[in-house]
Amino acid sequence: MNLNEKVGIHLDQIKQIKGVENAVLTQRDGNPIQSTGVWFSKDEIFNVSSATSAIFNVGIHLHPNDLKYILIEGKKAKILIAPLKSPIDNKLNRILEAQGILDDKNEFFIAITSQPNINLGGVFLQTNECLRKIKTSLITSGESFKPPLIQFNHQKIQNIIEGFNVKENEVSNFKLSPFSLSFSKSVSLDLIKVLNTIAIAVPDLKYAFVTIEGGFVASKLLKKIDIDSDKLDKASAMSYSLFQTANRCAWLLKKMHAQTILLDCQHSFQFIEGLGKAIFSTVIGKEKQKLGLIRLILPQFTKKINNLIKKAAAVQDFGTFDIKRMLGELIIK
């Protein structure tokens with residue numbers, strides 16, 4: 001039995017778990033390996049894999065050596081993105097490291113899509129054995145998983161495509177908004193009030209921010225001293241980038257928009273909430289707060305923030321333009 005068949009069997013076992021609709025296996029650098037479930041066009045195979053890789057790599061930059069998994073939630077589904085490295089099987093990691101087999105070049109990721117009412121944390125626990133076997137097969141196979149788009153090897157690209165369910169390409173129209181959001185003084189003050197109220201309601205809150213299009217900070221609250229204002233601005237831009245990439249991944253997998261994202265770390269949670277042309281994000285420690293309680297508390301505040309975002313957007317609703325039509329009408333003299 002070759003490697004593709006072994007991995008395919010384990011992915012099919014994950015797919016058989018109640019509520020699971022799709023599983024995509026990817027290397028950290030964005031190289032697609034195999035999938036089960038949903039059908040992809042040839043372009044979508046690489047788009048989904050690169051988006052999955054980008055999401056987790058941004059997460060690692062935000063929480064180095066601390067991030068466990070990322071959970072994306074929308075109306076149609078939940079998407080869990082997790083590495084096959086830590087923390088799935090630390091004992092196996094130690095054995096492979098002692099043998100010199102495991103290094104930074106051998107990091108693989110899996111994206112599991114489920115129905116919206118399924119507890120993906122429970123699904124993740126049920127898949128531990130399959131993920132361990134996939135990881136062992138990949139690392140001990142001796143095969144090199146270098147991105148085929150860098151090697152320009154047509155045969156390897158075809159081998160990857162054959163490991164996916166390929167559908168016909170679809171034509172999409174994209175429109176761009178020519179304006180970003182700006183906030184009046186009154187709206188800015190109201191945002192600060194809401195963030196201060198959140199800090200009171202959530203004692204272990206470290207920091208929170210509202211970020212508008214382009215990754216610019218509209219309002220922020222820094223409660224802990226382990227991060228300065230400049231680092232918070234960078235975290236805000238990266239969080240906005242992560243949400244936009246997650247939106248792309250959610251659309252490719254389920255034709256839906258991402259609503260909330262949870263980054264589960266060893267010592268903290270980061271929540272990112274989509275608010276139209278902006279996002280709200282906060283990092284909360286685990287010592288004093290339980291995940292279930294935080295999920296009950298935050299929505300009442302994000303609703304207030306969303307109303308303020310809509311208030312700012314209503315003042316400057318200039319519409320959108322079709323970039324293809326605009327370029328097509330240009331006359332060069």
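Predicted model: local features only at pLDDT ≥ 70, side-chain atom pairs only at ≥ 80, totals over all residues.
I'm counting a contact as heavy atoms within 4.5 Å. With that settled, I looked at helix H8 (residues 185–201), which lies across strand S9 (205–212), S10 and S13 and runs at about 35° to S10.

I wanted the strand order next. I found an open sheet of 10 strands, reading S2-S1-S6-S5-S4-S11-S12-S13-S9-S10, with antiparallel pairing. Which strands sit at the edges? They are strand S2 (32–36) and strand S10 (216–222), each pairing on one side only. From one strand to the next, I get an average twist of 15°.

I then checked one pair in detail. Strand S12 (residues 268–275) and strand S13 (residues 278–285) run antiparallel to each other and pair over eight bridges. I picked out Ser268, whose bridge partner in S13 is Gly285.

**Entry: helices**

Back to what lies on the sheet. Helix H5 (residues 128–140) lies across strand S1 (20–27), S2 and strand S6 (108–114), and I noted an angle of about 150° to S6.

Just after H9 I came across Lys255, which takes a positive phi of about 50°.

**Entry: the cores**

I looked up the largest nonpolar core, which has 52 residues. Which members touch the most others? I wrote down Ile14, Leu25, Ile110, Leu138, Ile198 and Ile305. Helix H10 (residues 291–315) gives the most to this core, with seven residues. Another core lies apart from it, with 43 residues, among them Ile45, Leu67, Tyr207 and Ile261.

Leaving out residues up to four places away in sequence, Ile110 touches Leu11, Ile14, Ala23, Val24, Leu25, Leu80, Ile81, Ala82, Leu84 and Leu131.

**Entry: Ile261**

Is Ile261 buried or exposed? Its relative accessible area is 2%, and buried means under 20%, so I call Ile261 buried.

What does Ile261 touch, not counting residues up to four places away in sequence? My list has Ile70, Leu71, Ile72, Leu242, Phe243, Ala246, Gln270, Phe271 and Ile272.

Definitions and conventions
Residues numbered from 1 in each chain as written. Heavy atoms only, no water. Core = buried A, V, L, I, M, F, W, Y, C linked by side-chain atoms within 4.5 Å. Buried < 20%, exposed > 50% of the residue type's maximum accessible area, 1.4 Å probe, protein only. Helix = DSSP H or I, 4+ residues; strand = E, 2+ residues; numbered from the N terminus. Pairing = 2+ DSSP bridges. Axes fitted to C-alpha atoms, helices over the stretch in contact; angles between N-to-C directions.
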